[in-house]
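Have the sequence and the 3D view at hand.

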Amino acid sequence: MTVDLGLTSDQEAIAELFDGFFSNESPTTIARAAEPFGFDADLWSKVIELGAPGMGSAAEVGGGEASLSDLVVVAEAVGRSIAPIPLIEHLAALAVLDDADLVAGSAIATLALRPADADGLWRLVPAGVVADVVVGVDGDDLVVVRSAPPMSGPRNHASAPLADRSARTGDRTVLGPASAFQPVIDRWKVLTSAALVGIAEAAQKLGVDYVMEREQFGVPVGSFQAVQHGLADLPVLIDGGRLLTHKAAWALGRDESGILDWRSNDITDGTALAAMAFVFTSDGAAVATDRSLHYHGGYGFAEEYDIQLYYRRARGWSLVLGDPTDECLALSDRLYGPVEN
Amino acid sequence: MDFSLSDDVLAYRSKIRSIVAETVTPDVIERMHTTGTFDAPELNRALGTQGFLERATPGLGVGDPIELWVLFNELEKAGAPYDGLAVALMIAGVVNLLGTDEQKERILPSIISGEALVCMGYSEADYGSDVASIKTRAVKDGDEWTINGSKMWTTMAHEARWLILLTRTDVDLPKHKGLTMFILPMDTPGITVDPVHTLGTERTNATYYDNVRVGDEAVLGGVNNGWRTMVSVLAFERGVMGGSNAAIPLLRHFHDWAQEVGIFEQPITRERMARAAIDMQVASLLTQRSAWIAASGGSPGLEGSMTKVFAAEAYQRISRWTQETAGPLGLLQFHEAGAAGEGFVEYDARHSPVVTIYGGTTEINRNNIAERHLGLPKSR
Ligand SMILES: Cc1cc2nc3c(=O)[nH]c(=O)nc-3n(C[C@H](O)[C@H](O)[C@H](O)COP(=O)(O)OP(=O)(O)OC[C@H]3O[C@@H](n4cnc5c(N)ncnc54)[C@H](O)[C@@H]3O)c2cc1C
């Protein structure tokens, strides 16, 4: 038997390390304090000490040689703690970059999720507020641009460090054709999916803890079946999202090209699986945060309670890519063949 | 995590695929939809003759539980009538786990050769979700047990050689404690079978037990130990034996029809097709997880509850929108000219309601998840 749906012992150690690190160094007070731009420079310098920014890079350039599946474990921990650092964007961008300062983490990299517009502007780049280097598509090319980060950006739903960045001004290098961006965006989708699984899991825990503590009619509200059943839908969204995300990471890490046989539900194509994981976990995180907030009653709507932090990030971290319907249409093209329209 | 199937499993899968291609002909599928008996003896025998049923029986087989998952996943995706076989192998697993040596020798060969089916008599007219309250009585007199009562929903009773029957043996004990499971031949005198026809064409039965006499050799898993036997059966049932990719044949039929009539280009249809593919991947991975847990020596009861709730509702969502998209042509039944997806669109809209009911309703499964996974108190 080769199927093995457990974490490796290394990955268990990684999960323990990062969950422990974030719960000590990044309780939700840190995420709150970092609003509205969602970046904590101190916390970033601490993850540098852990070697996290270069974790997935090759040993020759000083990286940690971690697999994408290992990085998934880290990204989940980022999601669970909503740590205000652009680790996911950085790790995704490093799929095609290996400058020493990026591997070390003394400079921050990110990716532009959509091609530059006619004026050469990348709109609403995640981590655009703080990134020193942006990789993305401009016309037919994949380019990397080094320029001074603006250190501010528009206030937004998720308090995420989003900012517009120029694809043309600054130190610009062409890395290859636009198609070379695919591995970067696939990697970002997988890592973001993992973070969304983490968000969903944290939201579930906040909800369960709250309904056990809050009493109405003389009993914990968690003893009402309507409340229980609303929460009982969440574990399968979390576990299903985690399995799908790991399958995508596994598929992208293989040398062989994958299978796309939807007729027998046999799919090992990494790009398709990354899109699937992204759509599924975006929905799962939205549902989990929504249910959890709802079962807090009025307090869930109060700024003071943490569920609102997760509610906003569940939406923001995924919608930066675009309407999930577009992701579904692209997936449909890949699975069933493109249509003309 | 490693999602690759070993070469052995891949070889096994391709053999299963070729047996399915040979035995599950359009006629066999047609027969299932006219008789309502969801079983294909020719398939069972072909699998049995090649030793695949023995390999796949939980706990007995040389094959690992991944093979059991592969077997039923392939049958389900092919749209094969496999319900009879799934129950038979599940009970073979329970006999192997809890049966005496004499029972194993007497019963197992008939099942793993693909010759004999088993039906399950737990539910009664008045007790379904609260199955521990059933009233069918078994009373011991000397060396003999006498069984009286009736069961509802005894699917496959009209074809099965064996019956597994949940009875009350002690009325003074708390409801879960006074139950005993029996396994007996269906031709034992005193058993009668009446057909019950359903919305989804599937035929099931009401069965009646009038002074049915058996000896101790029919007790499975110990007197007053029937609840434990039930729990082992349910762990298998909500595990890996089909019931998670039911929409795959529907999606094939719908896709081909939608392409043919030129409505596949609609963005809403393509979006839904993509979401359906995602749900089917997730359902398949969750089932694979149950198989993997079983292969690693665990018992995937709780994971099975999660999988069942998710997969059943996904199938219902998909069968609803495929029918809506097809409009009036989605109302036409098998063999009617123009029927969407050759009539499968209409059929699945009729069949899918049952999947959130049988094998434990979604509410019972959500109770299970809330209490055992989330640690919430017993509900009120
Ligand atoms: C086609 C078919 C085949 C079947 N085959 C078999 C078979 O082979 N052998 C066999 O033994 N049985 C079989 N069954 C029976 C099946 O297991 C039961 O139908 C099922 O367990 C539900 O029981 P019930 O129908 O009595 O519904 P009830 O238990 O009366 O439930 C009615 C409704 O109330 C809800 N409900 C009940 N209790 C609770 C609770 N505690 N909390 C919240 N909601 C609750 C249920 O979810 C359901 O929606 C079959 C059923 C069907 C339809």
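How much space lies in the second largest cavity? About 50 Å³ lies there. Before going on, please keep in mind that this is a predicted model, in which local features need pLDDT of at least 70 and side-chain atom pairs count only at pLDDT 80 or more, while totals for chains, interfaces and linings use all residues. Residues are numbered from 1 along each chain as its sequence is written, chains are lettered from A and ligands numbered from 1 in the order in which they are written, and side-chain values use heavy atoms, with hydrogens and water left out.

A cavity here is a set of points, on a 1 Å grid over the protein atoms alone, where a 1.4 Å probe fits but cannot get out, and lining residues have an atom within 4 Å of a point. Grid points are joined across faces, edges and corners, and a volume is the space filled by probe spheres set on the points. The second largest cavity draws its lining from both chains: Trp262(A), Asn265(A), Ile267(A) and Tyr336(A) on one side of the list, and Ile248(B), Leu251(B), Ala276(B), Ala277(B) and Met280(B) on the other. Helix 9 (247-261) and helix 10 (267-295) of chain B are the elements that give two or more residues to this lining, and helix 10 of chain B gives the most, with three. (Helices are DSSP runs of H or I with at least four residues, strands are runs of E with at least two, and both are numbered from the N terminus.) By class, eight of these lining residues are nonpolar, one is polar and none is charged; Ala, Val, Leu, Ile, Met, Phe, Trp, Tyr, Cys and Pro count as nonpolar, Asp, Glu, Lys and Arg as charged, and the others, Gly among them, as polar.

Of the 23 residues lining the largest cavity, Ile85(A), Glu89(A), Ala160(A), Pro161(A) and Trp317(A) are the closest to its centre. Helix 5 (87-93), helix 7 (182-213) and helix 11 (307-319) of chain A each give two or more residues to that lining, which has 17 nonpolar, four polar and two charged residues.

Now to the meeting of the chains. In chain B, 55 residues are in contact (heavy atoms within 4.5 Å) with 54 residues of chain A. The two chains bury about 5300 Å² between them, 65% of it on carbon and sulfur atoms; buried area is the accessible area (1.4 Å probe) that two parts lose on being put together, summed over both. Five salt bridges run between chain B and chain A, each a side-chain nitrogen of Lys or Arg within 4 Å of a carboxyl oxygen of Asp or Glu. One salt bridge joins Arg263(A) to Asp256(B), with the closest N and O atoms 2.6 Å apart.

Within chain A, Arg313(A) forms a salt bridge with Glu35(A), the closest N and O atoms being 2.7 Å apart. Arg313(A) lies in helix 11 and Glu35(A) in the loop between helix 2 (28-33) and helix 3 (41-49) of chain A, so the pair ties together parts that are 278 residues apart in sequence. The peptide bond from Glu35(A) to Pro36(A) is cis, with omega near 10°.

Methods:
On a 1 Å grid over the protein atoms alone, a cavity is a set of points where a 1.4 Å probe fits but cannot get out, and a pocket is an open set with protein on both sides within 12 Å along at least five of seven lines; lining residues have an atom within 4 Å of a point.
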